[in-house]
Every structure is written in structure tokens, then in C-alpha cells.
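Open the model in your viewer and keep the selection tool at hand. The stops below say what to select and what is there.

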Amino acid sequence: MYECPNCGGNLKFDIASQKLACAYCDGHFDPYSISKDTDAVETSYKETSFEETASADDQYYEVTVFTCPQCGGELFSEDNEATTFCSFCGASTILSSRISKEKRPDFIIPFKKTKEDCKKAYGQKMRKAFFVPRQLRDPEYIDEFRGIYMPYWTYQLVQNGRVALKGEKSYRRGNYVYTEHYDLLGELDSYYLGYSYDASTSFYDNISEALAPYDAKELVNFTPAFLSGFYADTADVDSDLYLPDAMEKAEENTFRRICKEEKFKACTVKKPRNTKQGLGTSLRKADNTMYPVWFLTYRNKDRVAYMTVNGQTGKVVADMPIDPKRYLAASLLFAIPIFLLLNLFFTFRPVILLGLSAVLSVVSAIIYGVELNAIYRKEHNLDDRALRGRHGKKKIMGLEGKFSLNIVITVAAVLIAAVIGIFKPVSDVYYYSGVLGALGTVLFNMAGIIRNYNKLAMRRLPQFDKKGGDHRE
């Protein structure tokens, strides 16, 4: 907690004024002008084991405890938290030892969008989400948005020196096609700042990438005062992990600009096999930065969904779980007029109706399989480089069995429909029985798709169990 120089009240960063503000005397102060002598106290001690017969070395285990400077209570924090709130007196505090030289950020983009801006942007998105659970629209629930500074690696890349590329131009004369080859020479001097990747394994890559871009021009020198009143995580991902991606982006962008050069438009510029060498891309510096994100979470049993808002631009990225009851009710509501229209304008022979039902059964099984594959990739962290490298693979129980059951049922329904279609019985009862079987398979697969969609749309959120925060103001 930063104390107000005027009255000693609690100072928190005010987004509207971009200064530290006191709620008691209405004082406003430059974040760079405020510092404090004391912070959360970190102590290490040894606790005696209950196992009295154990050896002396086995009777102790070491723990690290943070104590609140206001009331002396123990603070609860995640391993990578830089700030937290005291559960006893509610004071906000910065864990100074967590912001050590190797973890202290270089730059930060302070929150630009207030909590009200965040709620407004989120509300506009929810107006188009017809099937989400009602809780996600509840104003009281939406008020639970939390501001968190997430760590990012922001790369400074340079491309300097002489560039030698190949170009060619083809044209036809009579029965011959001529191809002219060119050596394209030039001097390259380019600089990139702003290619950023999240440096926290608690923040999924697909969410952070969807929230991008952040405007790196608004980066300012870091001071802990910006964190006052918000959560913050520190980097636990090495900067080398995303460097190849950043360099590839820079190379692709530079190559596109070269192709647009007036002197090179007359021919087709050939991309070098190794653009890094061809364009001389190198890293000047990887900055440890903090970017603002508003978080809201929705829990369903052991899973949660992310609702996030870019704290600089107001861009909303949200997982969209659905309420199965609302979805099924809406489906039935739409199905009735569609059925009546089809019944008025189309008449299907039993054999055609049987074929269409079998096709729908196969399509629903394929969709179900594709969805299970997406869940498999997500649960195994195959699309998240940081999590994949940190946690490895986790076995998913039951997916293979569920998929096999759906395949067996679908194949059985399609085979029955095929047998009926081949032997062509006289009675329509056989055809309609096959249709009911195939459509029953479609409903079975669709129920699984809806159930698994919610599993695909939700995940574990490390910040969910945090206590206190700006939502208690």
C-alpha cells in the first residue's frame, strides 16, 4: 500500500487521471514521485515435523511467508504474483522480493480503459451471444471484473546491411516464353518494436494472441506504483521461446514491403530460403513488459471460462459456453416453422428421406470427432508453446471410449439404412424406422457435441481462487 503524503490514506492508480489517487483527500500524484520504505515482509522459517522418530534433517521443511505490513497477517499469493491483497485487513501490497532484478519489468502499459469501459464493451458483445448462461449477463456478476497486469516479452528487432535478392519476369513472344532473372540489391535499415508474446504460463496463448495488438508506443518505464490496486503476475517463460516467431513476423513484413517498392514492382521478387540471413534480422533486446487485462471468470464444476478485455484498447475476447436448455429450446422453436415450410413445398419419398437421414448421421459423427480432436489438442497443450514446454502432456481419460461408442452407433444406423435402401422393402414402415434410427443417432451425436463444446470453451484459470481485489472497492 502506498500512503498519501497529505493524509496517509491508501493510494491506488487511477485510470482516468493516470495518477495515484487518494480516496480520502482526493489527492493525485505522479506514480514516479511516490515510493515507500516498507513493503510486505518476507520471512523464512523452519517448522517442526510431527514425526518425532525421524532424523534431525527430516524434522524440518522450509516455507516462505509474506506478512502484511499493516496488520501482520499472512498473505496468500500464487508463485508468480507480484501484488496481492490482505485477506484480513483488505490492504493492497506489493511483494517487493518477487520483483527482483531478473524479474523486474522494464516497461509497462498502464490501464487505459476503466472498469466501466470494460463492462460496457463486454455488455455489447454479450448482446449477440444468445445462448450463453444468464449469469454472464447479470450486472452484479459483470461487476466482478478484475484488473491484472500480465507479463509479456516485447522484442526489439533490427535489420541492417546490404540485401541481395533474386527477381524474375516472364513474358511470351510468339510460341516462346522468356524469363529474365535479376539481382536485386539494396541497403536495408529497419527497426521493429511491438512484437509481443505473453510470458506467463497461466495465460493461454490463444487468448493473449486474440487480445493483441497492444500499442507499444504507449510503453512507459516501469515503477511498482502502477501496480497499486491491481493484480500482477511475473514472467515465468524464457524470452527465447517466442523469439523465432517474432523474427519470422518481422521478416515477413519486411519482405512484403520490399515487394511493394516501386523499382521492384516490374518483376516477381523471390523470397530467400532463409530470410533471417537474407534480411539480416537480429535481436537488439527482449524487454520484460506488463500489459493490462481485465479478467472475468465463469465456473462450471471444475472448469472456468475466460472473459477478457484489453485494458488498453477495449478489445473483448471471451470464451462462450452455452446453456444446453436454452440452446435446445431455441432449436425446437426454429425447427417447428422449418418443418412446416418443408412440408408445404417439398415432398420426399421414403427412400430419399432415408438417404438424407443417413448423411446427416455421418456428418454429425464427423463434427463430433473433429470436436474431440480439438479438445485433445487443448488438454494436451499442443497449441500453447509455453504450457506444452512447462507441463508436458496430460492424459485424457474416456475420450477414446466416447468416440468409439458414437462411431459404433453411427455405423450401425448407416448400415441399417443402407440395407433397407438396397433391398427396398414394399412397406414404408421399414424406411421410416431407418429414418428414426438415423435421426436418433444425429440427436445422440448433437447432445455430445453440445456437451463437449462447453468443455472446449472452458479451462482452468489460475487467478480464479485469488482473494480480495479491486472488485471489493
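This is a predicted model. Begin by selecting D323 and K325, at the start of α6: a side-chain oxygen of D323 comes to within 3.1 Å of the backbone nitrogen of K325.

Next, select the whole of α6, residues 324–345. With 22 residues at 1.5 Å each, this helix should span 32 Å, and its end C-alpha atoms are 31 Å apart, which agrees.

Stay with α6 and display the largest pocket, to whose lining α6 gives the most, with eleven residues. The space in this pocket comes to about 1100 Å³. Its lining has 24 residues, and those closest to the centre are A335, F339, L342, L360 and L439. Colour the lining by class: 20 residues are nonpolar, four are polar and none is charged.

Now move to helix α1, residues 115–126. Its twelve residues should span 16 Å at 1.5 Å a residue, and the end C-alpha atoms are 16 Å apart, in agreement. Select K115, C118, K119, A121, Y122, G123 and M126, which are the buried residues of α1. Their cover includes α2 (139–142), β16 (281–300), β17 (303–310) and β18 (316–318).

For the last stop, select F255 in helix α4, residues 243–259. Is F255 buried or exposed? F255 counts as buried because its relative accessible area is 10%, under the 20% cut-off. Beyond its neighbours within four places in sequence, F255 contacts V269, K270, K271, P272 and L279. L279 is 24 residues from F255 in sequence, with 8.3 Å between their C-alpha atoms.

Terms used: Residues numbered from 1 in each chain as written. Predicted model: local features only at pLDDT ≥ 70, side-chain atom pairs only at ≥ 80, totals over all residues. Heavy atoms only, no water. Helix = DSSP H or I, 4+ residues; strand = E, 2+ residues; numbered from the N terminus. Buried < 20%, exposed > 50% of the residue type's maximum accessible area, 1.4 Å probe, protein only. Contact = heavy atoms within 4.5 Å. Expected span 1.5 Å × (residues − 1). Polar contact = N/O pair within 3.5 Å; in protein donor to acceptor, adjacent residues only side chain to side chain. 1 Å grid on protein atoms, 1.4 Å probe; cavity = no way out; pocket = protein on both sides within 12 Å on 5 of 7 lines; lining within 4 Å. Points joined across faces, edges and corners; volume = space filled by probe spheres on them. Nonpolar A, V, L, I, M, F, W, Y, C, P; charged D, E, K, R; others polar.
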